[in-house]
Amino acid sequence: MSPKNSLQHALAFICLIAVGLALDCGLATRAQAQLKGTQTEGTIAPIPIAVPLFVGDDPQLAANVSDVLQADLERSGLFRPLDRASFLEQIRDINAVPRFGDWRSVQADALVVGRVVNAGDGRVGAEFRLWDVASGKQLAGQRFSTSAQNWRRIAHMIADSVYERLTGEKGYFDTRVVFVDETGPAQNRIKRLAIMDQDGANVRLLTQGKELVLTPRFSPTNQEITYMSYTSDQPKVFIMNLESGRRELVGDFPGMTFAPRFSPDGQKVVMSLGTPDGRSSIYEMDLRTRQPRRLTESTGIDTSPSYSPDGRQIVFESDRDGTQKLYVMNADGSGVHPISLGGGSYSTPVWSPRGDYIAFTQQAGGRFLIGVMKPDGSGERVLTEGFHNEGPTWAPNGRVLMFWRDSQSTSGGPKIYSVDITGFNERQVTTPSFASDPAWSPLLN
């Protein structure tokens with residue numbers, strides 16, 4: 001790509017391409033043109049971007065912020081941060097116009113410079129500028145502030161701004177992930193609720209392991225989670241406020257087979273409860289009245305429900321036809337129809353926040369696959385496979401998934417991974433202990 005046709009004449013959404021299949025290449029209407037990665041055999045060559053160390057009163061803090069920013073962009077798979085040792089210009093004043101010839105010489109298409117300052121009252125602030133190296137024009141610039149102990153959020157917010165300006169899509173870096181922290185031997189594993197930043201930093205335990213906890217799920221409207229807890233072998237459902245730590249009992253559900261997921265407006269939950277005949281059906285509960293309403297009636301086991309982002313439909317798994325398939329129905333329980341067409345069994349469906357895909361786990365041929373399909377069942381494809389993959393959860397922009405993978409080794413345990421919807425950018429999310437069942441939050445900002 002020549003300088004004439006690079007950022008200035010080519011800024012917008014980078015098309016994420018799976019092998020032989022384009023995935024929704026939308027234009028960034030606020031951009032002046034279109035930035036494209038280079039397609040090679042179905043993959044995208046990431047955009048070369050320079051992220052010099054930020055300046056500031058505290059050089060170490062400034063360096064830390066720029067390092068987290070750079071790591072966010074690199075981990076997305078859409079950007080290739082350049083080696084800082086190759087930089088010809090040292091940034092000392094972010095208000096000065098960069099020497100763009102120096103940045104062209106190191107083959108940077110974009111440049112991010114920034115400054116971190118003490119904002120007073122225990123807060124830190126930062127500002128950044130994003131430059132188009134080819135045209136010499138500034139593409140974005142913002143200021144952020146947060147508490148000093150939460151400085152990593154500044155880096156994530158800048159990364160989201162850069163990501164959005166250069167791709168036309170919302171970012172997903174300023175988010176958190178709740179998961180099940182697992183320690184101890186496999187036969188006596190202690191499972192505690194924990195939360196972390198999307199990059200695996202700032203892990204904090206939410207429960208102390210005195211009771212078994214399973215299937216945490218984020219509210220789409222605020223910083224609350226719902227989860228299932230077993231006390232004396234009796235399942236209970238709680239809602240926990242992540243800021244205060246206060247938890248509220250939703251109810252005792254002796255026949256529960258799958259914990260709740262929130263509706264898009266946060267006012268309802270949908271879950272799977274056992275029926276008197278030993279099977280299970282999908283129920284919806286209004287959190288204000290606490291009155292459950294049965295949605296499915298079948299001779300099989302209906303479980304793992306998940307709302308569409310508009311709240312009008314629900315996807316779930318069922319063996320009502322003899323094999324475990326995925327079904328979609330209207331939110332009132334009408335219009336049930338199967339959507340999975342492949343072999344093997346399907347489970348843990350979850351609707352994308354964009355509404356364009358449903359992620360799932362598929363077991364076939366002794367392998368566990370994580371895949372996606374369109375809501376009508378078309379376009380089904382596998383993103384990753386392994387000995388035991390399970391439990392996909394979507395980033396809020398609908399372009400990245402997390403899931404957990406268990407080890408075949410008797411001494412091993414589950415670990416969390418991320419993969420984008422091309423299937424070409426799989427990464428492990430490092431956690432202090434074994435970890436399973438991740439659930440991604442909405443954007444914090």
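Q: What does buried mean in this predicted model?
A: Residues are classed by relative accessible area, calculated with a 1.4 Å probe on protein chains only. Exposed means over 50%, and partly exposed lies in between. Buried means under 20%.

Q: On what basis is this model described?
A: The model is predicted: local features need pLDDT of at least 70, side-chain atom pairs count only at pLDDT 80 or more, and totals for chains, interfaces and linings use all residues. Residues are numbered from 1 along each chain as its sequence is written, and side-chain values use heavy atoms, with hydrogens and water left out.

Q: How many salt bridges does the structure hold?
A: A salt bridge is a side-chain nitrogen of Lys or Arg within 4 Å of a carboxyl oxygen of Asp or Glu. The number of salt bridges in the structure is 29.

Q: Is Glu 127 buried or exposed?
A: Glu 127 forms a salt bridge with Arg 115, at 2.2 Å from N to O. Arg 115 is partly exposed at 29% relative accessibility. Glu 127 has 7% relative accessibility and therefore counts as buried.

Q: Which residues are linked with Glu 127 in a network of salt bridges?
A: The side chains of Glu 127 and Arg 115 meet in a salt bridge. The network links Glu 127 with Arg 115, Arg 129 and Arg 143.

Q: What is the relative accessible area of Asp 302?
A: Asp 302 forms a salt bridge with Arg 320, with the closest N and O atoms 2.8 Å apart. Arg 320 is partly exposed at 22% relative accessibility. Asp 302 is buried, and its relative accessible area is 0%.
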